[in-house]
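Thanks for making the time this morning. I would like to walk through one protein model, starting with its overall layout and then turning to a few individual residues.

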Amino acid sequence: GCSLKDLAFTLAGAYASGKEDGARLAVVAASLQDLAAKLETVGALLAASTSDASPLPEGIYLGEGPQVAADQIAFVFPGQGSQYPGMLKSLGVAFGPAREVFERFDAHLREQLPQALSRYIYPPDHFSAEEKKSAERALTQTFVAQPAMGAADTAMLTLLDGLGVRPAMTAGHSYGEYVALFAAGVMDEMALARIS
């Protein structure tokens, strides 16, 4: 059987080789069944062919006209509260530059934190539900959560930069505004770590 990620990869490749203008449909789906249901909804909306401008259901996005140029990408950074133990672990394991960001943040904040920042983000395996809850609570403390978000966002920025993906604009929600300033070149990594 086909997986959702394989289908998305194949369709993205087909789209990339298509026309530069016209209509585009994007569907955010959690499963193949969810995708099928949303595509049925799109089919029904197209069959109705009304000029009604009512909003599309959540997860269905339609765009028309020329696509946005690659140099018009905007990065939006999340605020405190989106952190969780183990975030970006697979990227840190697979990509040295991402892992190196976490190691640098450990060094930047060695004097400010009771333990290495990466120990909060990547605590030892949990043997009980209480140990898991304790690790989650430790990462919600503002003095840990914000630098953890900064490190994770910087790791992702590093990987995207290595792929040649750079933002024309940056923005952030709450704490994410600091990372947006860093991504825009207003401050260096050490300053981001210390401000966080």
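Predicted model: local features only at pLDDT ≥ 70, side-chain atom pairs only at ≥ 80, totals over all residues.

From the N terminus on, the order of elements is α-β-α-β-β-α-α-α-α-α-β-α-α, which amounts to nine helices and four strands, where helices (H or I, at least four residues) and strands (E, at least two) are DSSP runs numbered from the N terminus. Residues are numbered from 1 along each chain as its sequence is written, and side-chain values use heavy atoms, with hydrogens and water left out.

Let me give the overall numbers. The protein has 196 residues, of which 26% count as buried; by buried I mean under 20% relative accessible area, by exposed over 50%, and by partly exposed anything in between, with a 1.4 Å probe and protein chains only. The accessible surface comes to about 12400 Å², and 59% of that belongs to carbon and sulfur atoms; these areas come from the Shrake-Rupley method with a 1.4 Å probe, and for residues only the protein chains shown count as cover. If we take contacts, meaning heavy atoms within 4.5 Å, and keep those with a separation of 6 or more, then 72% of them join residues 24 or more positions apart.

Now to the strands. Strand β3, residues 74-77, has a covered face made of Phe-75 and Phe-77, and an uncovered face made of Ala-74 and Val-76. In which sense do β3 and β4 pair? They run parallel, over four bridges, with β4 spanning residues 169-172, and pairing here requires that DSSP finds at least two bridges between the strands. Within that arrangement, Ala-74 stands opposite Met-169 in β4.

Leaving aside neighbours within four places in sequence, Gln-146 is in contact with Gln-80, Tyr-175 and Ser-196.

Charged pairs come next. Side chains of opposite charge can pair when their charged atoms come close. A search of the whole structure finds five salt bridges, a salt bridge being a side-chain nitrogen of Lys or Arg within 4 Å of a carboxyl oxygen of Asp or Glu.

One of them joins Asp-34 to Lys-38, with the closest N and O atoms 3.3 Å apart. How are Asp-34 and Lys-38 placed in helix α2? They are four residues apart in that helix, residues 32-48, and so are separated by about one helical turn. Asp-34 is partly exposed at 23% relative accessibility, whereas Lys-38 counts as buried at 16%.

Another salt bridge is formed by Glu-189 and Arg-104, whose closest N and O atoms are 2.7 Å apart. This pair links distant parts of the chain, 85 residues apart, with Glu-189 in helix α9, residues 189-195, and Arg-104 in helix α4, residues 96-108. Glu-189 counts as buried because its relative accessibility is 13%, while Arg-104, at 32%, is partly exposed.

Glu-136 and Lys-133 also meet in a salt bridge, at 3.9 Å from N to O, and both lie in helix α6, residues 129-140, three residues apart, about one turn of the helix. Both are partly exposed, Glu-136 at 28% and Lys-133 at 46%.

Finally, a point about the backbone. Most residues other than glycine have a negative phi. Leu-88, however, has a positive phi near 60°, and is placed in the loop between β3 and α3, the latter being residues 89-94. Ser-174 likewise has a positive phi, of about 55°; Ser-174 lies in the loop between β4 and α8, residues 176-183 for the helix, and is partly exposed at 44%.
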